[in-house]
Amino acid sequence: SGRFLFAKKINKRLPIASVTKLMTAVVVLENLNLEQVFTVPAETINVDGNGADLYKGEQLRVADLIKIMLVKSSNDAALTLAAGAQKGGLNLIERMNEKAQSLGMYNTKFTDPAGLDDYDAFSTAADLVKLVSYAESYDLISRTLQEKSADASSANGGIKHHLINTNQLLGQIPEIIIGKTGFT
């Protein structure tokens, strides 16, 4: 129903980390072709120092980059999407902030597509409810977020990625339908 059953400090601005990737997925779905192929640039690999998810020069379809980003919470995939969009003239961060405003997320600011910049990026619980409600209307997002594991491949099929969902609540709590977690 959209009615809050319990609320405490729902308008307090806090860092949002990997939940950022939900807005990245929304904006990508609304502005890019899922069959488009992006090449992974060197500067988008292992940006967090926790190991690379993708390979320099690897070519992936946008749909597979979304899957890798949402299931594995891959920063490499999120940054590759932003780099590919930028080459096509689309400023992903600018569009993410515009979309937030159009959804009434007035206490939200995105500064990167992965949620790595927790110093300047923020949102509130109330705003994130709006984002999740909107994002789940996209079948690709809701279906992907429900997968405990998934597989993705490079565009030529030469590189396979087996993905394990970071959301450890899936299958543990029956009422959890979708959600986005990461590592922080």
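A residue is called buried under 20% relative accessible area, exposed over 50% and partly exposed in between, with a 1.4 Å probe and protein chains only. At 0% relative accessibility, Thr24 therefore counts as buried. The model is predicted: local features need pLDDT of at least 70, side-chain atom pairs count only at pLDDT 80 or more, and totals for chains, interfaces and linings use all residues. Residues are numbered from 1 along each chain as its sequence is written, and side-chain values use heavy atoms, with hydrogens and water left out.

Thr24 lies in helix H1. Helices (H or I, at least four residues) and strands (E, at least two) are DSSP runs, numbered from the N terminus. Contact means heavy atoms within 4.5 Å. Leaving aside neighbours within four places in sequence, Thr24 is in contact with Met69, Leu92, Met96 and Pro113.

The rest of H1 was examined next. H1 is largely enclosed by the rest of the structure, because 10 of its 12 residues are buried. The buried set is Thr20, Lys21, Leu22, Met23, Thr24, Ala25, Val26, Val27, Val28 and Leu29. These buried residues pack against H2, H3, H4, helix H5 (125-135) and helix H6 (139-145). The length of H1 was also checked. The expected span of a helix is 1.5 Å times one less than its number of residues.

Two helix pairs involve H1. Axes are lines fitted to C-alpha atoms, for helices over the stretch in contact, and angles run from 0 to 180 degrees between N-to-C directions. Angles under 35 degrees count as roughly parallel, over 145 as roughly antiparallel, 65 to 115 as roughly perpendicular and the rest as oblique. The axes of H1 and H2 come within 10 Å and cross at roughly 165°. H1 and H2 are therefore roughly antiparallel. Their crossing is left-handed, a term for a near helix turned anticlockwise from the far one by less than a right angle; clockwise is right-handed. On the H1 side, Lys21, Leu22, Thr24, Ala25, Val28 and Leu29 take part; they meet Val62, Ile66, Met69 and Leu70 in H2.

The second pair is H1 with H4. Their axes lie 9 Å apart, at an angle of about 100°. H1 is thus roughly perpendicular to H4. H1 contributes Thr20, Met23, Thr24, Val26, Val27, Val28, Glu30 and Asn31 to the contact, and H4 contributes Leu92, Arg95, Met96, Lys99 and Ala100.

Arg95, found in helix H4, was taken up in detail. Arg95 is partly exposed, with a relative accessible area of 32%. Not counting residues up to four places away in sequence, Arg95 touches Val27, Asn31 and Leu90. Arg95 and Asn31 are 64 residues apart along the chain, yet their C-alpha atoms are separated by 9.2 Å. Their side chains are joined by a polar contact of 2.5 Å. A polar contact is a pair of N or O atoms within 3.5 Å; within protein, one must be able to donate a hydrogen and the other to accept it, and residues adjacent in sequence count only if both atoms are side-chain atoms.

Helix H3 (residues 75-87) should span 18 Å for its 13 residues; its end C-alpha atoms are 18 Å apart, which agrees. H3 is mostly covered, with 10 of its 13 residues buried. Among them are Leu79, Thr80 and Leu81. The buried residues pack against helix H1 (20-31), strand E1 (37-39), helix H2 (62-71) and helix H4 (92-102).

Both ends of H3 carry a local feature. Ser74 caps the N-terminal end, with a side-chain oxygen 3.3 Å from the backbone nitrogen of Asp76. Ser74 is found in the loop between H2 and H3. It is buried, at a relative accessible area of 0%. Ser74 touches Lys21, Asp53, Ile68 and Met69, not counting residues up to four places away in sequence. H3 is followed by Gly89, whose phi is positive, near 90°.

Most residues other than glycine have a negative phi. Ala17 has a positive phi near 50°. Ala17 is found in the segment before H1 and is buried, with a relative accessible area of 11%. Asn46 has a positive phi of about 55°. Its place is in the loop between E1 and strand E2 (59-61). Asn46 is partly exposed, with a relative accessible area of 31%.
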